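Visitor: I'd like to learn how to read this model feature by feature. Could you walk me through it?

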Amino acid sequence: MDVRKTYKLFVNGEFVRSESGRAYRPDGKVNVPRGSRKDLRDAVRAARTAFPGWAGRTAMNRGQILYRAAEMLDGRAAQFVELLGSGARARRELDQAVETLVWYAGWTDKLSQVTGTVNPVAGPYFNFTIPEPTGVVAIIAPEEAPLAGLVRRLAPALCGGNVVVALAAESAPLAALTLAEVLATSDIPAGVVNIISGQRKELLGWLASHMDVNAIDVAGCTPDEVKAIEESAAGNVKRVIKVTSKEQSPYLIAAFMEMKTIWHPIGV
Amino acid sequence: MATALSLTHLGSLMRGVRSVDEVGADERAAALAKRSIKKSSKLWALDLAVRCMDLTTLEGADTPGKVAAMCAKAMRPKAGDATIPSVAAVCVYPLRIADCVEHLRGTTVRIASVATAFPSGQSFTPIKVEETEQAVRAGAHEIDMVIDRGAFLSGDYQRVYDEIVAVKEACGPAHLKVILETGELGTYDAVRRASILAMAAGADFIKTSTGKVQPAATLPVALVMMESIRDFVRETGRPVGFKAAGGIRTAKQAIAYLVLTYETLGPDWMTPDRLRLGASTLLNDVLMQIDKERTGAYQSPDYFTID
(Lines give C-alpha, C1' and ligand atoms only; values in the text may rest on other atoms or scores of the structure.)
Protein backbone atom coordinates (compact mmCIF):
# COMPACT_ATOMS: atom_id res chain seq x y z
CA MET A 1 0.00 0.00 0.00
CA ASP A 2 1.26 3.47 -0.83
CA VAL A 3 1.01 5.62 2.29
CA ARG A 4 1.62 9.25 1.48
CA LYS A 5 3.44 11.09 4.19
CA THR A 6 2.35 14.40 5.69
CA TYR A 7 5.44 16.40 6.53
CA LYS A 8 5.20 18.30 9.83
CA LEU A 9 7.09 20.92 11.77
CA PHE A 10 9.07 19.76 14.81
CA VAL A 11 8.28 21.93 17.84
CA ASN A 12 8.79 21.03 21.49
CA GLY A 13 9.36 17.35 20.65
CA GLU A 14 6.09 17.11 18.75
CA PHE A 15 5.29 16.87 15.07
CA VAL A 16 2.75 19.59 14.34
CA ARG A 17 1.15 21.34 11.40
CA SER A 18 1.76 25.06 11.11
CA GLU A 19 -0.61 26.97 13.41
CA SER A 20 -1.48 29.03 10.32
CA GLY A 21 -2.69 25.93 8.48
CA ARG A 22 -0.66 26.95 5.43
CA ALA A 23 1.51 24.79 3.23
CA TYR A 24 3.74 25.28 0.20
CA ARG A 25 5.22 23.04 -2.47
CA PRO A 26 8.97 23.50 -2.72
CA ASP A 27 9.37 20.83 -5.41
CA GLY A 28 5.93 21.23 -6.95
CA LYS A 29 4.81 17.83 -5.66
CA VAL A 30 4.88 17.47 -1.88
CA ASN A 31 3.04 19.75 0.54
CA VAL A 32 5.28 21.10 3.28
CA PRO A 33 4.05 23.21 6.19
CA ARG A 34 4.66 26.92 5.69
CA GLY A 35 5.57 28.00 9.20
CA SER A 36 4.39 31.34 10.54
CA ARG A 37 5.82 33.80 13.04
CA LYS A 38 3.67 32.17 15.70
CA ASP A 39 5.24 28.79 15.00
CA LEU A 40 8.59 30.48 15.53
CA ARG A 41 7.33 32.06 18.74
CA ASP A 42 6.19 28.67 20.04
CA ALA A 43 9.49 27.09 19.03
CA VAL A 44 11.53 29.77 20.81
CA ARG A 45 9.40 29.38 23.92
CA ALA A 46 9.91 25.60 23.87
CA ALA A 47 13.65 26.05 23.35
CA ARG A 48 13.94 28.55 26.19
CA THR A 49 12.17 26.13 28.53
CA ALA A 50 14.42 23.26 27.47
CA PHE A 51 17.66 25.25 27.75
CA PRO A 52 18.54 24.86 31.47
CA GLY A 53 18.01 21.09 31.29
CA TRP A 54 20.16 20.59 28.18
CA ALA A 55 22.91 22.97 29.30
CA GLY A 56 22.88 21.29 32.71
CA ARG A 57 23.46 17.78 31.36
CA THR A 58 26.92 16.42 31.80
CA ALA A 59 29.10 16.86 28.75
CA MET A 60 29.47 13.11 28.49
CA ASN A 61 25.69 12.64 28.37
CA ARG A 62 25.34 15.21 25.60
CA GLY A 63 28.03 13.37 23.69
CA GLN A 64 26.23 10.06 24.05
CA ILE A 65 23.01 11.59 22.78
CA LEU A 66 24.69 13.19 19.76
CA TYR A 67 26.34 9.86 19.00
CA ARG A 68 22.97 8.17 19.15
CA ALA A 69 21.63 10.75 16.71
CA ALA A 70 24.42 9.67 14.34
CA GLU A 71 23.40 6.02 14.77
CA MET A 72 19.76 6.79 14.07
CA LEU A 73 20.66 8.84 10.99
CA ASP A 74 22.90 6.10 9.67
CA GLY A 75 20.16 3.53 10.28
CA ARG A 76 17.85 5.42 7.92
CA ALA A 77 20.53 6.07 5.31
CA ALA A 78 18.52 4.67 2.40
CA GLN A 79 15.58 6.99 3.08
CA PHE A 80 17.80 10.06 3.29
CA VAL A 81 19.76 9.20 0.16
CA GLU A 82 16.48 9.00 -1.72
CA LEU A 83 15.28 12.33 -0.26
CA LEU A 84 18.54 13.95 -1.32
CA GLY A 85 18.11 12.85 -4.90
CA SER A 86 19.88 9.43 -4.87
CA GLY A 87 23.22 8.87 -6.48
CA ALA A 88 26.78 9.20 -5.27
CA ARG A 89 26.44 12.84 -4.35
CA ALA A 90 23.45 12.19 -2.10
CA ARG A 91 25.29 9.31 -0.48
CA ARG A 92 28.30 11.54 0.14
CA GLU A 93 26.12 14.17 1.76
CA LEU A 94 24.55 11.64 4.11
CA ASP A 95 27.92 10.17 5.09
CA GLN A 96 29.15 13.68 5.76
CA ALA A 97 26.18 14.40 8.05
CA VAL A 98 26.71 11.19 10.04
CA GLU A 99 30.42 11.87 10.29
CA THR A 100 29.75 15.43 11.54
CA LEU A 101 27.49 14.19 14.32
CA VAL A 102 30.01 11.59 15.45
CA TRP A 103 32.84 14.09 15.34
CA TYR A 104 31.06 16.71 17.48
CA ALA A 105 29.73 14.00 19.83
CA GLY A 106 33.34 13.40 20.79
CA TRP A 107 33.98 17.06 21.49
CA THR A 108 31.39 17.67 24.21
CA ASP A 109 33.69 16.73 27.09
CA LYS A 110 36.87 18.14 25.53
CA LEU A 111 35.69 21.62 24.65
CA SER A 112 36.38 23.34 27.96
CA GLN A 113 39.89 21.85 28.15
CA VAL A 114 40.76 23.23 24.74
CA THR A 115 38.99 26.61 24.79
CA GLY A 116 39.10 27.25 28.53
CA THR A 117 42.19 28.81 30.10
CA VAL A 118 43.90 29.53 33.36
CA ASN A 119 45.06 33.13 33.19
CA PRO A 120 48.12 34.64 34.86
CA VAL A 121 47.01 37.86 36.58
CA ALA A 122 48.90 40.44 38.63
CA GLY A 123 47.15 39.86 41.94
CA PRO A 124 46.27 37.20 44.48
CA TYR A 125 43.65 35.55 42.32
CA PHE A 126 43.15 32.19 40.72
CA ASN A 127 41.79 33.39 37.38
CA PHE A 128 40.21 31.07 34.87
CA THR A 129 37.99 31.21 31.82
CA ILE A 130 35.43 28.59 30.82
CA PRO A 131 32.99 28.36 27.90
CA GLU A 132 29.25 28.50 28.58
CA PRO A 133 26.44 28.03 26.06
CA THR A 134 24.90 31.21 24.64
CA GLY A 135 21.29 30.01 24.94
CA VAL A 136 18.67 29.90 22.20
CA VAL A 137 20.36 29.78 18.80
CA ALA A 138 18.51 30.26 15.53
CA ILE A 139 20.04 28.48 12.56
CA ILE A 140 19.19 29.37 8.97
CA ALA A 141 20.07 26.23 7.03
CA PRO A 142 21.90 26.66 3.72
CA GLU A 143 19.99 25.85 0.53
CA GLU A 144 22.79 23.76 -0.93
CA ALA A 145 23.36 20.53 0.99
CA PRO A 146 19.99 20.69 2.83
CA LEU A 147 20.99 17.87 5.20
CA ALA A 148 24.75 18.12 5.69
CA GLY A 149 24.58 21.91 5.67
CA LEU A 150 22.10 21.94 8.52
CA VAL A 151 23.85 19.23 10.54
CA ARG A 152 27.16 21.08 10.11
CA ARG A 153 25.70 24.04 12.04
CA LEU A 154 23.36 22.11 14.34
CA ALA A 155 25.91 19.69 15.80
CA PRO A 156 28.40 22.26 17.15
CA ALA A 157 25.57 24.34 18.64
CA LEU A 158 24.12 21.33 20.47
CA CYS A 159 27.57 20.09 21.44
CA GLY A 160 28.19 23.12 23.65
CA GLY A 161 24.79 22.93 25.35
CA ASN A 162 22.82 25.42 23.26
CA VAL A 163 19.22 24.86 22.16
CA VAL A 164 18.21 25.42 18.57
CA VAL A 165 15.39 26.76 16.44
CA ALA A 166 16.33 25.82 12.87
CA LEU A 167 14.81 27.10 9.67
CA ALA A 168 14.95 24.34 7.05
CA ALA A 169 16.27 25.08 3.57
CA GLU A 170 13.35 26.74 1.81
CA SER A 171 13.81 25.01 -1.53
CA ALA A 172 14.52 21.51 -0.12
CA PRO A 173 13.10 21.14 3.41
CA LEU A 174 12.25 17.43 3.32
CA ALA A 175 15.61 16.18 4.58
CA ALA A 176 15.55 18.62 7.51
CA LEU A 177 11.97 17.70 8.46
CA THR A 178 12.91 14.02 8.30
CA LEU A 179 16.01 14.72 10.38
CA ALA A 180 13.54 15.74 13.11
CA GLU A 181 12.35 12.13 13.21
CA VAL A 182 15.94 11.03 13.75
CA LEU A 183 16.43 13.54 16.57
CA ALA A 184 13.12 12.59 18.19
CA THR A 185 14.38 9.02 18.61
CA SER A 186 17.83 10.00 19.87
CA ASP A 187 17.00 10.93 23.48
CA ILE A 188 17.33 14.63 22.68
CA PRO A 189 14.90 16.22 25.17
CA ALA A 190 11.78 17.92 23.83
CA GLY A 191 12.38 21.53 22.78
CA VAL A 192 16.17 21.25 22.46
CA VAL A 193 15.90 21.17 18.67
CA ASN A 194 12.94 22.69 16.84
CA ILE A 195 12.74 22.60 13.05
CA ILE A 196 10.49 24.94 11.08
CA SER A 197 9.97 24.96 7.35
CA GLY A 198 8.68 28.00 5.53
CA GLN A 199 9.70 31.09 3.63
CA ARG A 200 12.84 32.86 4.73
CA LYS A 201 11.62 36.25 3.55
CA GLU A 202 8.61 36.01 5.84
CA LEU A 203 10.35 34.62 8.94
CA LEU A 204 13.87 36.07 9.15
CA GLY A 205 12.74 39.45 10.51
CA TRP A 206 10.84 37.87 13.38
CA LEU A 207 13.82 35.72 14.35
CA ALA A 208 16.28 38.60 14.13
CA SER A 209 14.16 40.94 16.26
CA HIS A 210 13.11 38.29 18.80
CA MET A 211 14.44 39.42 22.18
CA ASP A 212 14.66 35.86 23.49
CA VAL A 213 16.87 34.49 20.70
CA ASN A 214 20.49 34.90 21.81
CA ALA A 215 22.30 34.11 18.61
CA ILE A 216 21.52 33.64 14.95
CA ASP A 217 23.61 31.58 12.56
CA VAL A 218 23.21 32.99 9.07
CA ALA A 219 24.78 30.10 7.14
CA GLY A 220 21.93 30.05 4.61
CA CYS A 221 21.40 33.78 4.13
CA THR A 222 22.22 36.04 1.19
CA PRO A 223 24.42 39.11 1.86
CA ASP A 224 21.34 41.36 1.83
CA GLU A 225 19.57 39.16 4.35
CA VAL A 226 22.66 39.12 6.57
CA LYS A 227 22.75 42.92 6.48
CA ALA A 228 19.09 43.19 7.51
CA ILE A 229 19.58 40.62 10.27
CA GLU A 230 22.62 42.43 11.62
CA GLU A 231 20.72 45.69 11.69
CA SER A 232 17.83 44.35 13.71
CA ALA A 233 20.08 42.16 15.86
CA ALA A 234 21.93 45.32 16.91
CA GLY A 235 18.83 46.36 18.85
CA ASN A 236 18.95 43.30 21.08
CA VAL A 237 22.68 42.45 21.14
CA LYS A 238 22.07 39.15 19.47
CA ARG A 239 25.19 37.35 18.27
CA VAL A 240 25.24 37.01 14.50
CA ILE A 241 27.35 33.98 13.63
CA LYS A 242 28.90 33.90 10.16
CA VAL A 243 30.87 30.79 9.42
CA THR A 244 31.73 30.01 5.83
CA SER A 245 34.19 27.18 6.52
CA LYS A 246 32.93 23.67 5.81
CA GLU A 247 35.66 22.12 7.92
CA GLN A 248 35.11 20.70 11.39
CA SER A 249 36.76 22.52 14.25
CA PRO A 250 36.35 22.99 17.98
CA TYR A 251 36.48 26.72 17.29
CA LEU A 252 33.20 26.38 15.43
CA ILE A 253 31.73 25.12 18.72
CA ALA A 254 33.31 28.07 20.51
CA ALA A 255 31.49 30.41 18.12
CA PHE A 256 28.27 29.40 19.90
CA MET A 257 29.76 29.85 23.38
CA GLU A 258 30.22 32.75 25.76
CA MET A 259 33.48 32.81 27.69
CA LYS A 260 33.08 33.31 31.42
CA THR A 261 36.06 34.51 33.44
CA ILE A 262 36.15 33.94 37.18
CA TRP A 263 38.41 35.76 39.65
CA HIS A 264 38.83 33.59 42.71
CA PRO A 265 40.72 35.17 45.64
CA ILE A 266 43.59 33.11 47.00
CA GLY A 267 45.82 33.45 50.04
CA VAL A 268 43.22 35.06 52.27
CA MET B 1 -27.73 44.64 54.00
CA ALA B 2 -27.19 41.10 55.06
CA THR B 3 -28.82 40.05 58.25
CA ALA B 4 -28.76 36.54 59.66
CA LEU B 5 -31.31 34.44 57.82
CA SER B 6 -33.20 31.84 59.74
CA LEU B 7 -32.60 28.19 58.98
CA THR B 8 -35.81 27.85 56.96
CA HIS B 9 -35.12 30.94 54.88
CA LEU B 10 -31.62 29.76 54.09
CA GLY B 11 -33.03 26.37 53.19
CA SER B 12 -35.46 27.88 50.72
CA LEU B 13 -32.74 30.12 49.30
CA MET B 14 -30.49 27.13 48.66
CA ARG B 15 -33.33 25.03 47.27
CA GLY B 16 -34.14 27.86 44.90
CA VAL B 17 -30.71 27.67 43.29
CA ARG B 18 -31.19 25.99 39.94
CA SER B 19 -28.69 23.51 38.62
CA VAL B 20 -26.02 24.26 36.02
CA ASP B 21 -25.81 22.80 32.52
CA GLU B 22 -22.25 21.51 32.76
CA VAL B 23 -21.72 20.74 29.09
CA GLY B 24 -23.24 24.09 28.13
CA ALA B 25 -20.99 26.01 30.54
CA ASP B 26 -17.88 24.26 29.23
CA GLU B 27 -18.85 24.90 25.62
CA ARG B 28 -19.67 28.57 26.13
CA ALA B 29 -16.49 29.24 28.09
CA ALA B 30 -14.43 27.48 25.40
CA ALA B 31 -16.16 29.42 22.62
CA LEU B 32 -15.57 32.79 24.32
CA ALA B 33 -11.92 31.92 25.04
CA LYS B 34 -11.33 31.57 21.29
CA ARG B 35 -12.34 35.13 20.52
CA SER B 36 -9.54 36.96 18.79
CA ILE B 37 -8.51 40.27 20.37
CA LYS B 38 -5.82 42.04 18.35
CA LYS B 39 -3.85 45.27 17.96
CA SER B 40 -5.42 48.32 19.66
CA SER B 41 -8.17 46.23 21.30
CA LYS B 42 -5.48 43.97 22.70
CA LEU B 43 -3.54 46.93 24.08
CA TRP B 44 -6.73 48.23 25.68
CA ALA B 45 -7.46 44.83 27.21
CA LEU B 46 -3.90 44.46 28.51
CA ASP B 47 -4.07 47.92 30.08
CA LEU B 48 -7.34 46.95 31.78
CA ALA B 49 -5.80 43.67 32.94
CA VAL B 50 -3.02 45.60 34.68
CA ARG B 51 -5.52 47.98 36.29
CA CYS B 52 -7.63 45.05 37.54
CA MET B 53 -4.72 43.03 38.87
CA ASP B 54 -4.21 41.98 42.48
CA LEU B 55 -0.46 41.44 42.57
CA THR B 56 -0.10 38.55 44.97
CA THR B 57 2.51 36.91 47.10
CA LEU B 58 1.30 34.25 49.52
CA GLU B 59 4.34 32.24 50.48
CA GLY B 60 5.62 31.14 53.83
CA ALA B 61 8.93 32.64 52.76
CA ASP B 62 7.58 36.19 52.22
CA THR B 63 9.85 38.76 53.83
CA PRO B 64 9.43 42.53 54.31
CA GLY B 65 12.01 42.98 51.57
CA LYS B 66 10.13 40.84 49.07
CA VAL B 67 6.88 42.66 49.85
CA ALA B 68 8.65 46.02 49.44
CA ALA B 69 9.84 44.98 45.99
CA MET B 70 6.35 43.83 45.06
CA CYS B 71 4.84 47.12 46.26
CA ALA B 72 7.28 49.04 44.08
CA LYS B 73 6.25 46.94 41.13
CA ALA B 74 2.56 47.40 41.97
CA MET B 75 2.89 51.17 41.85
CA ARG B 76 5.02 51.29 38.70
CA PRO B 77 4.87 47.89 36.96
CA LYS B 78 7.56 48.81 34.46
CA ALA B 79 10.44 50.93 35.61
CA GLY B 80 10.77 54.08 33.53
CA ASP B 81 7.46 53.68 31.73
CA ALA B 82 4.69 55.91 33.13
CA THR B 83 2.21 54.78 30.49
CA ILE B 84 1.69 51.47 32.31
CA PRO B 85 -0.89 52.06 35.08
CA SER B 86 -0.58 50.90 38.69
CA VAL B 87 -2.23 47.61 39.57
CA ALA B 88 -5.44 47.59 41.61
CA ALA B 89 -4.07 46.05 44.79
CA VAL B 90 -1.43 43.91 46.41
CA CYS B 91 -2.53 40.74 48.17
CA VAL B 92 -0.49 39.46 51.12
CA TYR B 93 -0.66 37.52 54.37
CA PRO B 94 -1.83 39.53 57.43
CA LEU B 95 1.66 39.83 58.92
CA ARG B 96 2.88 41.63 55.80
CA ILE B 97 0.15 44.33 55.81
CA ALA B 98 2.34 46.71 57.80
CA ASP B 99 5.06 46.53 55.11
CA CYS B 100 2.52 47.38 52.43
CA VAL B 101 1.12 50.29 54.45
CA GLU B 102 4.61 51.71 54.69
CA HIS B 103 5.40 51.41 50.99
CA LEU B 104 2.01 52.23 49.47
CA ARG B 105 1.10 55.30 51.49
CA GLY B 106 -0.36 58.00 49.25
CA THR B 107 -0.82 55.75 46.21
CA THR B 108 -3.92 54.34 44.53
CA VAL B 109 -2.83 50.76 45.17
CA ARG B 110 -5.11 49.08 47.70
CA ILE B 111 -3.94 46.56 50.29
CA ALA B 112 -5.70 43.22 50.33
CA SER B 113 -5.01 40.65 53.02
CA VAL B 114 -6.08 37.05 53.20
CA ALA B 115 -7.65 36.07 56.51
CA THR B 116 -9.78 33.43 58.26
CA ALA B 117 -7.20 30.65 58.49
CA PHE B 118 -6.21 30.92 54.83
CA PRO B 119 -6.00 28.69 52.81
CA SER B 120 -7.95 25.86 54.47
CA GLY B 121 -10.42 27.82 56.60
CA GLN B 122 -10.42 24.97 59.11
CA SER B 123 -10.26 26.91 62.36
CA PHE B 124 -12.51 28.37 65.08
CA THR B 125 -14.90 31.13 64.07
CA PRO B 126 -13.88 33.60 66.82
CA ILE B 127 -10.26 33.26 65.71
CA LYS B 128 -11.23 34.00 62.12
CA VAL B 129 -13.22 37.07 63.20
CA GLU B 130 -10.34 38.26 65.37
CA GLU B 131 -7.87 37.74 62.52
CA THR B 132 -10.08 39.83 60.24
CA GLU B 133 -10.41 42.65 62.78
CA GLN B 134 -6.67 42.74 63.34
CA ALA B 135 -5.98 42.77 59.60
CA VAL B 136 -8.32 45.73 59.09
CA ARG B 137 -6.77 47.53 62.04
CA ALA B 138 -3.32 46.92 60.55
CA GLY B 139 -4.41 48.76 57.42
CA ALA B 140 -6.00 46.29 54.99
CA HIS B 141 -8.55 47.85 52.64
CA GLU B 142 -9.76 44.50 51.42
CA ILE B 143 -10.11 41.13 53.12
CA ASP B 144 -9.93 37.88 51.14
CA MET B 145 -11.63 35.24 53.32
CA VAL B 146 -12.01 31.54 52.61
CA ILE B 147 -15.24 29.66 53.25
CA ASP B 148 -15.23 26.58 55.45
CA ARG B 149 -15.42 23.96 52.70
CA GLY B 150 -15.72 21.18 55.27
CA ALA B 151 -18.98 22.69 56.50
CA PHE B 152 -20.22 23.52 53.00
CA LEU B 153 -19.61 20.06 51.59
CA SER B 154 -21.29 18.38 54.57
CA GLY B 155 -24.37 20.51 53.98
CA ASP B 156 -23.98 22.83 56.95
CA TYR B 157 -24.80 25.93 54.92
CA GLN B 158 -25.94 27.80 58.03
CA ARG B 159 -22.47 27.64 59.52
CA VAL B 160 -20.84 28.90 56.32
CA TYR B 161 -23.41 31.67 56.03
CA ASP B 162 -23.10 32.81 59.65
CA GLU B 163 -19.35 32.84 59.39
CA ILE B 164 -19.38 35.07 56.31
CA VAL B 165 -21.86 37.41 58.03
CA ALA B 166 -19.61 37.59 61.11
CA VAL B 167 -16.48 38.24 59.06
CA LYS B 168 -18.28 40.86 56.98
CA GLU B 169 -19.21 42.65 60.19
CA ALA B 170 -15.62 42.44 61.40
CA CYS B 171 -14.46 44.00 58.12
CA GLY B 172 -16.11 47.31 58.90
CA PRO B 173 -15.26 49.65 56.02
CA ALA B 174 -13.00 47.09 54.33
CA HIS B 175 -14.24 45.24 51.26
CA LEU B 176 -14.86 41.53 51.67
CA LYS B 177 -13.90 39.02 49.00
CA VAL B 178 -15.15 35.51 49.64
CA ILE B 179 -12.99 32.70 48.26
CA LEU B 180 -15.07 29.67 47.32
CA GLU B 181 -12.09 27.43 46.47
CA THR B 182 -13.97 25.94 43.55
CA GLY B 183 -11.34 23.25 43.04
CA GLU B 184 -12.59 21.60 46.21
CA LEU B 185 -16.31 22.02 45.59
CA GLY B 186 -16.51 19.27 43.00
CA THR B 187 -19.45 20.30 40.81
CA TYR B 188 -20.69 23.42 39.04
CA ASP B 189 -23.94 23.07 41.01
CA ALA B 190 -22.00 23.41 44.25
CA VAL B 191 -20.09 26.41 42.84
CA ARG B 192 -23.35 28.13 42.00
CA ARG B 193 -24.82 27.34 45.40
CA ALA B 194 -21.71 28.63 47.19
CA SER B 195 -21.77 31.80 45.06
CA ILE B 196 -25.38 32.58 45.94
CA LEU B 197 -24.73 31.76 49.59
CA ALA B 198 -21.71 34.07 49.79
CA MET B 199 -23.48 36.94 48.05
CA ALA B 200 -26.58 36.57 50.25
CA ALA B 201 -24.31 36.70 53.29
CA GLY B 202 -22.90 40.05 52.19
CA ALA B 203 -19.80 39.40 50.06
CA ASP B 204 -18.58 42.40 48.06
CA PHE B 205 -16.63 40.10 45.73
CA ILE B 206 -16.71 36.39 45.13
CA LYS B 207 -13.38 34.83 44.26
CA THR B 208 -12.59 31.49 42.64
CA SER B 209 -9.62 30.07 44.49
CA THR B 210 -6.80 30.45 46.95
CA GLY B 211 -4.21 29.45 44.37
CA LYS B 212 -3.07 26.68 46.71
CA VAL B 213 -5.32 23.96 45.28
CA GLN B 214 -5.39 22.42 41.80
CA PRO B 215 -7.46 22.98 39.75
CA ALA B 216 -7.57 26.71 40.55
CA ALA B 217 -9.48 29.22 38.42
CA THR B 218 -10.95 27.79 35.22
CA LEU B 219 -13.04 29.59 32.64
CA PRO B 220 -16.21 27.47 33.00
CA VAL B 221 -16.17 27.92 36.78
CA ALA B 222 -15.74 31.66 36.30
CA LEU B 223 -18.69 31.62 33.92
CA VAL B 224 -20.87 29.83 36.48
CA MET B 225 -19.89 32.34 39.17
CA MET B 226 -20.49 35.32 36.89
CA GLU B 227 -23.91 34.04 35.92
CA SER B 228 -24.70 33.66 39.61
CA ILE B 229 -23.66 37.29 40.11
CA ARG B 230 -25.82 38.37 37.17
CA ASP B 231 -28.85 36.57 38.62
CA PHE B 232 -28.17 37.94 42.10
CA VAL B 233 -27.93 41.50 40.80
CA ARG B 234 -31.19 41.11 38.91
CA GLU B 235 -32.85 39.86 42.08
CA THR B 236 -31.44 42.31 44.61
CA GLY B 237 -29.97 45.24 42.70
CA ARG B 238 -26.72 44.99 44.69
CA PRO B 239 -23.67 44.69 42.40
CA VAL B 240 -21.12 42.09 43.46
CA GLY B 241 -17.60 41.91 42.08
CA PHE B 242 -15.76 38.92 40.66
CA LYS B 243 -12.15 37.90 41.24
CA ALA B 244 -10.40 35.13 39.36
CA ALA B 245 -7.28 33.81 41.04
CA GLY B 246 -4.88 30.93 40.72
CA GLY B 247 -3.29 29.58 37.57
CA ILE B 248 -3.68 32.75 35.47
CA ARG B 249 -0.16 33.11 34.11
CA THR B 250 -0.45 34.42 30.57
CA ALA B 251 -1.86 37.57 29.01
CA LYS B 252 -3.92 35.34 26.74
CA GLN B 253 -5.67 33.74 29.72
CA ALA B 254 -6.27 37.16 31.28
CA ILE B 255 -7.89 38.42 28.08
CA ALA B 256 -10.15 35.35 28.02
CA TYR B 257 -11.41 36.30 31.50
CA LEU B 258 -12.04 39.86 30.32
CA VAL B 259 -14.05 38.59 27.35
CA LEU B 260 -16.04 36.31 29.63
CA THR B 261 -16.76 39.17 32.03
CA TYR B 262 -17.85 41.48 29.24
CA GLU B 263 -20.15 38.91 27.70
CA THR B 264 -21.68 37.80 31.00
CA LEU B 265 -21.81 40.87 33.21
CA GLY B 266 -21.44 43.66 30.67
CA PRO B 267 -19.30 46.81 30.44
CA ASP B 268 -20.18 47.96 33.97
CA TRP B 269 -17.96 45.18 35.32
CA MET B 270 -14.88 46.15 33.27
CA THR B 271 -13.44 48.15 36.16
CA PRO B 272 -11.18 47.36 39.10
CA ASP B 273 -14.09 48.10 41.45
CA ARG B 274 -15.90 45.01 40.18
CA LEU B 275 -13.31 42.80 38.52
CA ARG B 276 -9.99 41.55 39.79
CA LEU B 277 -7.40 39.12 38.51
CA GLY B 278 -5.28 37.69 41.27
CA ALA B 279 -1.84 36.58 40.13
CA SER B 280 1.82 36.47 41.04
CA THR B 281 3.45 35.87 37.65
CA LEU B 282 0.84 37.23 35.22
CA LEU B 283 2.04 40.83 35.31
CA ASN B 284 5.34 40.17 33.53
CA ASP B 285 3.65 38.32 30.69
CA VAL B 286 1.17 41.18 30.26
CA LEU B 287 4.06 43.69 30.20
CA MET B 288 5.86 41.55 27.61
CA GLN B 289 2.75 41.43 25.44
CA ILE B 290 2.32 45.20 25.69
CA ASP B 291 5.92 45.66 24.56
CA LYS B 292 5.40 43.15 21.78
CA GLU B 293 2.43 45.16 20.48
CA ARG B 294 4.32 48.44 20.76
CA THR B 295 7.65 47.39 19.30
CA GLY B 296 6.61 44.58 16.96
CA ALA B 297 9.27 42.27 18.37
CA TYR B 298 8.78 39.23 20.58
CA GLN B 299 10.04 39.91 24.09
CA SER B 300 12.26 38.05 26.54
CA PRO B 301 11.72 37.59 30.29
CA ASP B 302 15.40 38.52 30.69
CA TYR B 303 14.45 42.18 30.37
CA PHE B 304 11.69 42.26 32.99
CA THR B 305 12.10 42.40 36.75
CA ILE B 306 11.58 39.21 38.70
CA ASP B 307 9.13 39.85 41.50
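Guide: Helices (H or I, at least four residues) and strands (E, at least two) are DSSP runs, numbered from the N terminus. Numbering of residues starts from 1 along each chain as its sequence is written, while chains are lettered from A and ligands numbered from 1 in the order in which they are written. This is a predicted model, where local features need pLDDT of at least 70 and side-chain atom pairs count only at pLDDT 80 or more, while totals for chains, interfaces and linings use all residues.

Visitor: Is Ala117(B) buried, exposed or partly exposed?

Guide: The rule counts other C-beta atoms, placed from the backbone, within 10 Å of the residue's own: 20 or more is buried, 12 or fewer is exposed, and in between is partly exposed. Ala117(B) counts as partly exposed because it has 17 C-beta neighbours inside 10 Å.

Visitor: Which residue of chain A has a positive phi near 55°?

Guide: Asn12(A) does, and it isn't a glycine. You'll find Asn12(A) in the loop between strand 1 and strand 2 (14–16) of chain A. With 17 C-beta neighbours inside 10 Å, Asn12(A) is partly exposed.

Visitor: And where is the peptide bond from Gln214(B) to Pro215(B) located, going by Pro215(B)?

Guide: Pro215(B) is in the loop between strand 6 and helix 10 of chain B. That bond from Gln214(B) is cis, with omega near -5°.

Visitor: How do I read strand pairing?

Guide: Two strands pair if DSSP finds at least two bridges between them. In chain B, strand 4 (residues 142–146) and strand 5 run parallel and share 5 bridges; Ile143(B) has Leu176(B) as its bridge partner. Strand 5 also runs parallel to strand 6 (residues 205–207) of chain B, with 3 bridges, and there Lys177(B) is partnered by Phe205(B). Strand 6 is joined in turn to strand 7 of chain B by 3 bridges, again parallel, with Lys207(B) partnered by Lys243(B).

Visitor: How many residues of strand 7 of chain B are buried?

Guide: In strand 7 (residues 241–245) of chain B, 5 of its 5 residues are buried. In a regular strand the side chains alternate between the two faces of the sheet. Here Gly241(B), Lys243(B) and Ala245(B) are on one side, Phe242(B) and Ala244(B) on the other, and both faces are covered. For strand 5 (residues 175–179) of chain B, 4 of its 5 residues are buried.

Visitor: What about the nonpolar core?

Guide: In soluble globular proteins, nonpolar side chains tend to be buried together. A nonpolar core here is a set of buried Ala, Val, Leu, Ile, Met, Phe, Trp, Tyr and Cys residues joined through C-beta atoms within 7 Å. The largest one has 98 residues, and Ala49(B), Met53(B), Val90(B), Ala198(B) and Ile206(B) touch the most other members. Helix 10 (residues 219–236) of chain B supplies the largest share of this core, 9 residues. Apart from it lies another core of 84 residues, including Trp107(A) and Leu177(A).

Visitor: Which residues does Thr132(B) touch?

Guide: Contact means C-beta atoms, placed from the backbone, within 7 Å. Not counting residues up to four places away in sequence, Thr132(B) touches several residues, among them Ala115(B), Ile143(B) and Cys171(B). Thr132(B) belongs to helix 6 (residues 125–138) of chain B and is buried because 26 other C-beta atoms lie within 10 Å.

Methods: Two residues are in contact if their C-beta atoms, placed from the backbone, lie within 7 Å.
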